[in-house]
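I opened this notebook to record a few look-ups in one chain. The entries follow the order in which I made them.

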Amino acid sequence: MSLAILQEVAANPLPLVGAGLIVIGAGIGLGQIGRGAMEGIARQPEASGKIQTAMIIIAALLEGLAFAAIFLG
């Protein structure tokens, strides 16, 4: 890393803290989505296709939102 980048980060570390919180929140959210999907499939195995499809769509939207927040933040 160059010295200029390190000085800029040291002067204003809040964007990095925000990015870290976004990544942590997205990870927790994806874990909750996966947990809910697995519980739903365990309760109704015949609906596993619909549950997996919904899970993948929601996870993709959540990841897109997290990436957008990181890049815009």
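The entries below cover the record, a surface patch and a charged pair.

Entry 1, basis. I worked on a predicted model, in which local features need pLDDT of at least 70 and side-chain atom pairs count only at pLDDT 80 or more, while totals for chains, interfaces and linings use all residues. Residues are numbered from 1 along each chain as its sequence is written, and side-chain values use heavy atoms, with hydrogens and water left out.

Across residues 18-67 I noted 92% helix and 0% strand, with the end C-alpha atoms 12 Å apart. Helices are DSSP runs of H or I with at least four residues, strands are E runs of at least two, and both are numbered from the N terminus.

I looked up a nonpolar surface patch of about 530 Å², made by Leu14, Val17, Leu21, Ile24 and Ile28. Patch residues have over 30% relative accessible area and no salt bridge, and nonpolar side chains are joined within 5 Å; areas come from the Shrake-Rupley method with a 1.4 Å probe. Val17 lies in helix α2 (residues 14-43). I list Val17 as partly exposed because its relative accessibility is 48%, between the limits for buried (under 20%) and exposed (over 50%).

I found 1 salt bridge in the structure, defined as a side-chain nitrogen of Lys or Arg within 4 Å of a carboxyl oxygen of Asp or Glu. Arg35 pairs with Glu39, their closest N and O atoms being 3.4 Å apart. Both residues lie in helix α2, 4 residues apart, about one turn of the helix. Arg35 is partly exposed at 45% relative accessibility, and Glu39 is partly exposed at 35%.

Definitions and conventions. Patch = residues over 30% accessible without salt bridge, like charges linked within 9 Å, V, L, I, M, F, W, Y side chains within 5 Å. Buried < 20%, exposed > 50% of the residue type's maximum accessible area, 1.4 Å probe, protein only.
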